[in-house]
Amino acid sequence: MYPRSELDSRIRRLKRWMGRRGIDLSLVNTPSNMLYLAGTSEAQLLVVPLDDDPYLVSRYAFGDEIARERSPYHVEVQRPFYGTSGREVVNPSVYDLIAERHGDAKRIAVDFLSSQDQVEKVRKRFKRGKKSAAIVSMDDQLRRMRIVKSEYELGLMKESASIAMRAFESLEIRVGMTEREIANLLEFKMRELGADEPSFPTIVASGANSFNAHHVNTERRIGEGEILLIDFGARYKGYCSDMTRTFYLGRPPDNFSDRYEAVLNAQLRALDFIRDGVPMERPDIEARKVLKEHGLLEYFVHSLGHGIGIDIHEFFRLLVGRGGKLQEGMTVTDEPGIYIKGWGGIRIEDTVIVGKNRGIPLTEKLSKDPDYFRR
Ligand SMILES: [Mn+2]
């Protein structure tokens, strides 16, 4: 079970925000937000009344038992009855239950304001006369809360990184294997080592396919004298890791080694700036400067990194032109890459904690030697 004290302090923080904004009820249904606030995503709705304890509404046999095991909060069960004729069907919406209990709510915060039909369902039930409760978004508040990780969360992310690295190290990759085969093996190993699942579908890009930053794996067989790029991560108890390694199978030609060196230097340079108080665009700018010195700037066509946690891509990007400052305890990826049409791509990525003096990589123990498979 998720530690109660962690969740209680998050709920308290949410309630302080609700109090300031005159919000008397919060409704959460995005799985990642629910996990963050209640320790489980096995429910239809998390309900946080300003003046009462939070509780979950979960469906009978479709998560209610799991929610009870994982969350310290009360689980209200929603159970349909279908009978044997259409007249007997009783299947009240979760929003009926909420409206019955909190019918006098005047200002409701939801994390699904962009979902028109769900908002309409809430609006319909919180109508008295011609007036309906005001419905506002809580997305910004939840983003602010989730952006800096607690020690407990960092512990889960470290384990997720460790699982991914150990899985990779146990792989025996041989020339002749297909991209899909390698991805399947890696994902199997991560699960075997305790991962809930891969944090996203593993990318194995060989040869010219390495040009595709988000390659979709094929039956292509890897061969000598080729680039092999592998981008992967594990999810552990809800928390993600994300890393990329690029290799050369066989003796690398100079143009590969030089370009690899440049990307690696850019990645390490950026790491020095992933620290408390630095503008979020700075690490990206520093990485771009290094690539510029090597004449590779035009091939770095994405941001240096992104927030990571319960979601693989969380709020904010490390990108030139973006505002905001880094704060100790945030978690980001550091992943410069170059993509040269007709030749291929090189990306090196680690998951990193924003530290006091420099970034603390969680995934760097896995060698960045591009000759890894010939050791
Ligand atoms: Mn990434």
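Which residue in strand 11 is the bridge partner of Val 204? The partner is Ile 230, and this pairing is described below within the sheet to which it belongs. The structure is a predicted model, in which local features need pLDDT of at least 70 and side-chain atom pairs count only at pLDDT 80 or more, whereas totals for chains, interfaces and linings use all residues. Residues are numbered from 1 along each chain as its sequence is written.

The chain contains 10 helices and 21 strands, where helices (H or I, at least four residues) and strands (E, at least two) are DSSP runs numbered from the N terminus. Along its principal axes, the C-alpha trace spans about 75 × 50 × 35 Å. Of the 375 residues in the chain, 42% are buried, a residue being called buried if 20 or more other C-beta atoms, placed from the backbone, lie within 10 Å of its own, exposed if 12 or fewer do, and partly exposed in between. Among contacts (C-beta atoms, placed from the backbone, within 7 Å) between residues at least 6 apart in sequence, 64% join residues at least 24 apart.

The domain assignment, which comes from an automatic or database source, gives domain 1 (4-146) and domain 2 (148-374). The C-alpha centres of the two domains lie 36 Å apart, and the contact takes six residues from domain 1 and eight residues from domain 2. On the side of domain 1 that touches domain 2, the elements giving two or more residues are helix 2 (31-38) and helix 6 (139-147), with the largest share, three residues, coming from helix 2.

When residues up to four places away in sequence are not counted, Leu 46 touches Val 28, Met 34, Leu 37, Ala 38, Pro 54 and Leu 56.

Three strands form an open sheet in the order 10-11-14, with antiparallel pairing, two strands being counted as paired if DSSP finds at least two bridges between them. Strand 10 (203-206) and strand 14 (243-249) each have a single partner strand and stand at the edges, so one side of each is left without a neighbour in the sheet. Four bridges join strand 10 to strand 11, and seven bridges join strand 11 (residues 226-232) to strand 14, where Phe 247 is the bridge partner of Leu 228. Ile 203 and Ala 205 point one way from strand 10 while Val 204 and Ser 206 point the other way, and all are buried.

Just after helix 10, Gly 295 takes a positive phi of about 70 degrees.

Conventions
Contact = placed C-beta atoms within 7 Å.
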